[in-house]
Amino acid sequence: MKTESASARENRNIARRALAARLGVDHSVVALSVYDNGGLTGRYLMMTVISAAIAALGLMLGSPAVVIGAMLVSPMMGPIVALGFSLALLDWEELKRAVKALAVGVGLALAVAILLTLLSPLKEPTSEILARTRPNFFDLLIAVFSGVAGAYAVIRQRGETIIGVAIATALMPPVATVGFGLGTGDLRIAGGAVFLFMTNLVAIALAATLTAGFYGFRPRLLERPAPWRGVAVVVVFVLLSIPLALSLRSIGLESRATAETRLAVNDIFSGADSRVTLLDARADGDKVTVSALVSTRALVADAQARLQERLTAALHVPVEATLDQIVVADPQAAARAVQASAASAPDPVAALRGRLSDSVPFATDALMVDGEGRRAVVLLRPDAGLDLSSAFALEKALRAKFEGVDVWVTPPLEGMETVDLADADARAQAAWALARWRARPRLRFCRPDPAPAVGEGETAPPDARERFLAELAATGVSVAAEDGPACRAGDRNLARIALT
């Protein structure tokens with residue numbers, strides 16, 4: 001059996017060598033070229049510094065053209081392809097050389113990016129930075145095909161193909177994004193960019209290994225009889241695959257959550273002519289958080305509960321779903337406006353203003369962003385078509401989408417006669433509206449419910465009146481000393497309001 005197996009392997013090796021010879025592949029020349037470009041040289045270090053500096057500046061400015069320039073001069077494809085070939089050939093020395101070049105290059109690029117971030121006044125994440133904080137399934141596919149293309153270009157001596165591969169895989173911008181995250185202390189950005197870089201690295205290396213194997217690059221086992229070499233390569237494969245497996249699981253879970261959310265919304269709002277305006281799904285371990293904003297012609301009272309129940313049953317993991325509804329005349333127009341991409345702008349504040357404007361498909365009197373890009377105010381016009389509850393939901397959705405930005409949506413001034421003190425949502429909405437209007441209301445409490453009785457030694461909770469006053473104070477609303485409108489027959493546990 002062993003003789004037959006050895007004979008079969010030898011026949012396969014002969015077939016691969018014959019295929020490589022027919023394709024015109026000189027293994028020794030190709031291997032020499034790969035290893036020459038995959039080592040730690042002065043040119044490699046210089047181009048790494050230049051590429052990292054260009055990438056960091058392009059990301060902070062939000063300029064796609066500058067980021068593409070960093071991709072073009074990045075030298076990291078060399079060590080990664082060398083890593084793939086050394087794995088295919090079980091060449092331990094070249095494997096160590098490629099890993100060393102990668103480690104030094106990444107460390108140097110991180111140092112450059114962190115230094116430029118600390119020196120730069122631009123600390124607000126741009127769209128170019130945020131786009132590299134969450135690897136998705138398409139990033140993985142791009143990296144796999146780019147690895148195949150890179151290995152093929154090296155084997156077939158097609159140097160011009162490497163330029164396209166460098167742009168497609170974007171190895172340097174994720175490293176620069178990690179540096180930005182570390183420089184600003186935002187570990188969420190840094191962690192997401194690490195996943196993207198590792199996904200690209202592993203996918204390219206493994207794709208290069210398989211492509212090299214297809215073209216007949218095989219280890220010369222007789223020259224490397226030590227069995228620990230094969231074990232070491234397997235260990236390297238496993239270590240490299242860990243971050244890829246983790247990101248793949250999150251990617252798959254988020255993709256399923258997004259698809260299931262769209263299907264569930266279509267079913268829940270069937271006949272209401274609704275559209276998903278904003279949708280964000282995040283997987284964190286075994287938990288999924290989904291936030292959706294739906295533009296609809298008619299509200300569905302239990303939509304959020306139904307969405308969470310359906311997602312939990314479909315995904316088989318704990319789901320925390322938030323679904324806000326906005327009643328609009330044309331849901332399709334609202335969805336199209338939000339999906340429109342913002343024009344690129346070198347000023348991060350201008351870019352933020354553009355993205356925020358595209359996310360508010362309603363008539364506004366003004367949209368203002370402060371100089372640091374940390375606070376935004378949206379003034380809705382009376383003909384925006386949104387009532388108080390819809391404007392309240394819009395603000396919550398915008399705050400979820402623009403993390404780190406204090407978004408205020410100010411609705412048009414309108415009458416607010418009563419607030420049900422037993423309804424926490426009604427109290428929160430009333431406090432929000434009064435704060436946005438900067439009103440100083442006059443209040444009269446009509447038969448508020450007393451605080452529930454407690455045992456001896458326990459602290460009594462606030463009653464309905466005290467609870468509402470505390471919520472108003474928390475939002476910065478000061479109450480006028482004069483009493484509000486008189487209570488009417490049947491008023492119970494209500495607050496009557498008059499605006500001053």
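## A hairpin, a helix pair and a buried threonine

Let's start with a strand pairing: arginine 282 has threonine 289 in β2 as its bridge partner. This is a predicted model, in which local features need pLDDT of at least 70, side-chain atom pairs count only at pLDDT 80 or more, and totals for chains, interfaces and linings use all residues. Residues are numbered from 1 along each chain as its sequence is written, and side-chain values use heavy atoms, with hydrogens and water left out.

Strands β1 and β2 run antiparallel and are joined by nine bridges (strands pair if DSSP finds at least two bridges between them). They form a hairpin with two residues between them, and glycine 285 in the turn has a positive phi of about 70 degrees.

The elements named here are DSSP runs, helices being H or I of at least four residues and strands E of at least two, numbered from the N terminus:

| Element | Residues |
|---|---|
| Strand β1 | residues 275-284 |
| Strand β2 | residues 287-296 |
| Helix α3 | residues 42-61 |
| Helix α10 | residues 172-184 |
| Helix α11 | residues 187-214 |

Next, the helix pair. Helices α10 and α11 pack at an angle of about 160 degrees, with their axes 7 Å apart. That makes α10 roughly antiparallel to α11 (angles over 145 degrees, on a scale from 0 to 180 degrees between N-to-C directions).

Finally, threonine 48 lies in helix α3. Threonine 48 is buried, at 0% relative accessible area (buried means under 20%, with a 1.4 Å probe and protein chains only). Beyond its neighbours within four places in sequence, threonine 48 is in contact (heavy atoms within 4.5 Å) with Pro75, Gly105, Leu108, Ala109 and Met172.

Key: Buried means under 20% relative accessible area, exposed over 50%, partly exposed in between (1.4 Å probe, protein chains only). Angles under 35 degrees count as roughly parallel, over 145 as roughly antiparallel, 65 to 115 as roughly perpendicular and the rest as oblique.
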